[in-house]
Amino acid sequence: MIKKWFGDWKVNLRRGIFLLLGIGFAVFLYFFNQVELVPLQNQQGTSYEKAKVVRVLEDNLQEDGTRAGSQTVELMLLSGEYAGETVKATSLSGYLYGANCEPGMEVTAYVSESDGNLLVSVYNYYRAPVLYLLIGLFLAVLWLIGGKRGFKSAVGLIFTFVCIIFLYLPMLYRGYSPFWAAVTVVILTTAVTMYLIGGPTVKTVSSVFGTVAGVIVSGAVATVFGNLAHITGYNVSEIETLISVERVSGMQVGGLLFSGILIASLGAVMDVAMSVASTLQEIYDQNPALTPHALFKSGINVGRDMMGTMSNTLILAFAGSSINVLVLTYSYAMPYNQVMNMYSIGIEILQGISGTMGVILTVPIVSLLSAWLIPRRWKRWGKA
């Protein structure tokens, strides 16, 4: 009875500490996000509001079934200062903006007010409910299939999202080093996610340190070879807009590319680290007579099988994100010397290879840490 009470007391104490840490972190994020964003363009008197198509006044449907030009529609504004009012609006038939309006459809309206006059156009479809439904479905499936561990994974994922939006981006805007901003987020998200999945165990410690080391390796490789190839954060397609942001804030645009590589490689590196650490823990539990050297060799052997699949994961992820560039390069039949010396191709290769290097080197790092820590199981952690 005493043993059970003491065990419950330790669990409750741990939960209380993490609750206080969570509250403290939330308070810190609230005040840290009190930063005044300098608008890049004058948006006074303009807003984006939810609206509903009442009727189509003038359609632009052609005889061949395509649309050209713009529609003239009647909208009822559902949000904002003019909610409830019915207004006349135009909707361009473009690939990025506008919508093929039909009565009853919900859209996003761009509303501009000047001297009491409203100028309204259809900005896009109102797709927020569908996206929220997809996110909810993903979290529900993760919880149902993964059970308690799946729920913890969902909590870790939400925490990662919060850190990127409310910590990483404000740090960049305030002028912190992009590299160290990414490292800060990597350490926080890795520690919390690994703890939720593995608990306060030796394998959690090994996987956290292995993940952080692997991600930093990715950033270091990208930085070194980026400098050798004369590739910086100023060579990206959005550079003109980013320079405008740099002028009104403290953002260090030159380091964004390599900072992004750290964030992009985090998921794959984390997966490898926890898989290797968990495998070595299971092996040792089945055979406690194994020496650290034997455990290390087992970790390397397990990791070798994972290297190929995880390397493909990262390479294909970066290739998929640049598929438009690849299609255009192929379609224009660009010569080899042009292709290999394009900034866009160089950046994709740099991202894919540096991220994969982090995955590969995570294997020996986690294997070494686990082989040294697991046999020593510190009593305060209990069974790992």
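A pocket, as the word is used here, is an open set of grid points with protein on both sides within 12 Å along at least five of seven lines, and its volume is the space filled by probe spheres set on those points. With that meaning in place, the second largest pocket of this predicted model holds about 480 Å³ of space.

**The protein as a whole**

The protein contains ten helices and five strands, and its C-alpha trace spans about 80 × 65 × 45 Å along the principal axes. Of its 384 residues, 34% count as buried. When contacts between residues at least 6 apart in sequence are considered, 68% of them join residues at least 24 apart.

Rolling a probe the size of a water molecule over the atoms shows where empty space is left.

| Largest pocket | about 1,000 Å³ | 30 residues | 18 nonpolar, five polar, seven charged residues |

The largest pocket has about 1,000 Å³ of space, and the residues of its lining that come closest to its centre are Arg14, Phe18, Val192, Tyr195 and Leu196. Helix H1 (2-32), helix H2 (128-174), helix H3 (178-198) and helix H4 (202-228) each contribute at least two residues to this lining, and the largest share, eight residues, is that of H1.

**Nonpolar cores**

The largest nonpolar core is made of 58 residues, and those with the most contacts inside it are Leu167, Met251, Val272 and Val359. At least two residues of this core are supplied by each of H1, H2, H3, H4, helix H5 (239-248), H6, H7 and H10, with H6 giving the most, 16 residues. Leaving aside residues up to four places away in sequence, Met251 touches Leu172, Tyr173, Gly175, Val245, Glu246 and Leu256.

**Strands and their partners**

Strand E2 (residues 70-77) is mostly covered, in that six of its eight residues are buried. Six bridges link E2 to strand E1 (residues 46-58), and this pair runs antiparallel; within E2, Thr72 is the bridge partner of Glu58. E2 is also joined by seven bridges to strand E3 (residues 86-92), again in an antiparallel arrangement, and here the bridge partner of Val73 is Ala89 in E3. In a regular strand the side chains alternate between the two faces of the sheet.

Strand E4 (residues 106-114) contains Thr108. Buried means under 20% relative accessible area, and Thr108 counts as buried because its relative accessibility is 16%. Not counting residues up to four places away in sequence, Thr108 touches Tyr48, Glu49, Ser121, Val122, Tyr123, Asn124, Tyr125 and Tyr126.

Conventions. Residues numbered from 1 in each chain as written. Predicted model: local features only at pLDDT ≥ 70, side-chain atom pairs only at ≥ 80, totals over all residues. Heavy atoms only, no water. 1 Å grid on protein atoms, 1.4 Å probe; cavity = no way out; pocket = protein on both sides within 12 Å on 5 of 7 lines; lining within 4 Å. Helix = DSSP H or I, 4+ residues; strand = E, 2+ residues; numbered from the N terminus. Nonpolar A, V, L, I, M, F, W, Y, C, P; charged D, E, K, R; others polar. Buried < 20%, exposed > 50% of the residue type's maximum accessible area, 1.4 Å probe, protein only. Contact = heavy atoms within 4.5 Å. Core = buried A, V, L, I, M, F, W, Y, C linked by side-chain atoms within 4.5 Å. Pairing = 2+ DSSP bridges.
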